[in-house]
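Here is a short tour of a two-chain model, written to be read alongside the viewer. Keep the sequence at hand as you go.

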Amino acid sequence: MSGLTVDVAVVGTGPAGLAAAVAAAEAGAVVAVVDAGNQPGGQFWRHRPETGDADPDGRGHHDWKTFLDLRRRFRAGTASGRVHHLPGLQVWMASKNHDAGFTLRTTRTVVDGEGAAPTVHATRLVLCPGGYDRQLPVPGWELPGVMAAGGIQAFVKANGVLPGKRFVVAGTGPFLLPVAANIAEAGGEVLAVLESSSLSTWLPHWKAAASVPGKALEGAEYAGVFARHRIPYKTRSIVTAVEGEDRVRAVSWAKADADGRAVPGTGGRWEDVDVVGFGWGFTPQMELPLALGAATRVDADGSLVAVVDERQESSVPGLFLAGEVTGVGGAVLAVLEGRAAGTAAADPAAVVLPAKEAVRRDRHRRFAQAMHRAHPVPQAWQDWLTPETLVCRCEEVPVSAVTEARDALGAEDSRSLKSFARVGMGWCQGRVCGFAASCLGAGPGEPATRSSLASAAKRPLAVPVPISELAALDASTD
Amino acid sequence: MSTLDDPVRFTFDGRDLVAGPGQTVGAALVTNGVTAWRGTRKEGRPWGLFCGIGVCFDCLVTVDGMSNQRACLVELRDGMEVRGTLATDTEESPEEAR
């Protein structure tokens, strides 16, 4: 298969993508679904390989029934030939055609010598690429054993085992709770969850929180797990250093003041730590929306997100976006947005959500905004750094090189930091350090600008691609 | 294709290892006590799993002769030959690779 032409292409099969694909197919469109993973679910519903366990029980998952329902309808679509499922593929280039429609060029997620990956042509496009844990550099975060909080979660969900025995989970946001809970339920020891915010920051937002009772229920569930496993949940607390020679051995922590500065003489140290999980909210995967020219804004959490209308359509006609790329808001919201986007992409005249569901969507959006305000990236996080702390892991660029480029050469945004200090030039193309580099360029306590975040997230090739596939572009007739 | 019942045999840098079924290469290494397998280009730092979901490329590994694969995404299969770059220090940069 080298080319496929459809009405609607969907990228991603997480909550948003799966809902979009199902909605578009049920509205009568022929749909192609490109997915980096081997089976539907995305990160949120990541589970054991279905080749070995066809009917996983959904332990450790939320809204698993929603997933099973969407998967059943998705499979009905593939069975009827209306849905073309293209798993194990990543889009490395998305382009808008001169006349109309979009072209997606794909490459295999895992190179296995199985020949060329297909190109997809679609009249309308729904991008649901999701996001990943936002990271802030911390002294010692380059040691093996330090992982993204979501990386630990994925490890447990996909493999059914733990990456170590003794864990510390740190950062900010409600996502730290399910990560710690899943570790404990899988038999790991969570020494503590360190949350940089104070929970009293939720108080001004109680109205938004109370309108989404499901979230309170989830919270109560985690409180139960934490109590049962005796997991200490320490608010206004941060990791000050991860220690070890060849891998994580110990973790030092401290209480933080209101701006997130370590308070001297507080905290302590844990020895014999195997894994430290960090997460500071999420970074939406913005390279494909940016490549297609979608208008962007900076959301309440400081993330670059795309602007969409009520029907999830971006500033680019025919390009629909759903899930974290339109504002980090969790799975329930992503499903609603995906459903709206898929419906709209299949039928421009359709009512995309029943009124009741639109109300639910708006409540979840307000909840997400409240969550972002209650769990901000600590304003003084740059205070934690030492000159040697790595900012860009790929190119091994330390803080000292970044601040020198900023102060001596005027490199105040991610683009000039790339040119002068090689920040974001490596394999991950700035995915991991883009936010931190943008903040460091702006200076202590300053927020990252939209343009700096956008240039950090612009990637001419969305993923590294074999040279043979680039060469094949010249010869292609499409 | 492995099922979720049988253990999977593979080699890492020539060592014979066994992992639980249905795991990724990265998980199989970590559960065997191998926390790092990639040596960085500049300082030769030990690198292993970080993001765990295919975003950071920290965990690059050679699988059956195919270099620069993300260990967190490759499903382990029986008889796989896995090689790291920590010992040999021959990691390529993204520009020269693939």
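## Chain B at a glance

Following the sequence, chain B runs β-β-α-β-β-β-β-β, a total of 1 helix and 7 strands. Helices (H or I, at least four residues) and strands (E, at least two) are DSSP runs, numbered from the N terminus. Of the 98 residues in chain B, 50% are buried, where buried asks for 20 or more other C-beta atoms within 10 Å of a residue's own, with C-beta atoms placed from the backbone. Take the contacts in chain B between residues at least 6 apart in sequence: 42% of them join residues at least 24 apart. Here a contact needs C-beta atoms, placed from the backbone, that lie within 7 Å.

## Numbering and confidence

Residues count from 1 along each chain as its sequence is written, while chains are lettered from A and ligands numbered from 1 in the order in which they are written. This is a predicted model, in which local features need pLDDT of at least 70 and side-chain atom pairs count only at pLDDT 80 or more, whereas totals for chains, interfaces and linings use all residues.

The predictor's per-residue confidence, pLDDT, goes from 0 to 100. Chain B has a mean pLDDT of 88, with 84% of its residues at 70 or more. Confidence in chain B is lowest in strand 3 (residues 38-39), with a mean of 94, and highest in strand 7 (residues 80-83), at 98. For the complex, the predictor gives an ipTM of 0.94 and a pTM of 0.95.

## The sheet of chain B

Which order do the strands take? In chain B, 5 strands form an open, mixed sheet in the order 2-1-7-5-6; pairing requires at least two DSSP bridges between two strands. Strand 2 (15-19) and strand 6 (66-70) of chain B are the edge strands, each pairing on one side only. On average, neighbouring strands of this sheet are turned by 40° against each other, direction ignored.

Strand 1 (residues 8-12) of chain B runs parallel to strand 7 of chain B, paired over 3 bridges. Look for Phe12(B), whose bridge partner in strand 7 of chain B is Val82(B).

## Where the chains meet

Chain A and chain B each bring 38 residues to their contact. On the chain A side, strand 8 (146-148) and helix 3 (149-159) are the elements giving two or more residues, and helix 3 of chain A supplies the largest share, 7 residues. By class, this side has 21 nonpolar, 9 polar and 8 charged residues. Ala, Val, Leu, Ile, Met, Phe, Trp, Tyr, Cys and Pro count as nonpolar, Asp, Glu, Lys and Arg as charged, and the others, Gly among them, as polar.

## Local features of chain A

Strand 12 (residues 237-243) and strand 13 (residues 250-255) of chain A pair in the antiparallel sense over 6 bridges, with Ala241(A) opposite Ser252(A). These two strands form a hairpin with 6 residues between them, and Gly244(A) in the turn has a positive phi of about 155°.

Now turn to helix 11 (residues 414-421) of chain A, whose buried residues are Ser414(A), Arg415(A), Leu417(A), Lys418(A) and Ala421(A). Their cover includes strand 21 (397-398), helix 10 (399-409), helix 12 (434-442) and helix 13 (450-457) of chain A. Just after helix 11 of chain A, Arg422(A) takes a positive phi of about 65°.

How values were computed
Two residues are in contact if their C-beta atoms, placed from the backbone, lie within 7 Å. Axes are lines fitted to C-alpha atoms, for helices over the stretch in contact, and angles run from 0 to 180 degrees between N-to-C directions. A residue is buried if 20 or more other C-beta atoms lie within 10 Å of its own, exposed if 12 or fewer, and partly exposed in between; C-beta atoms are placed from the backbone.
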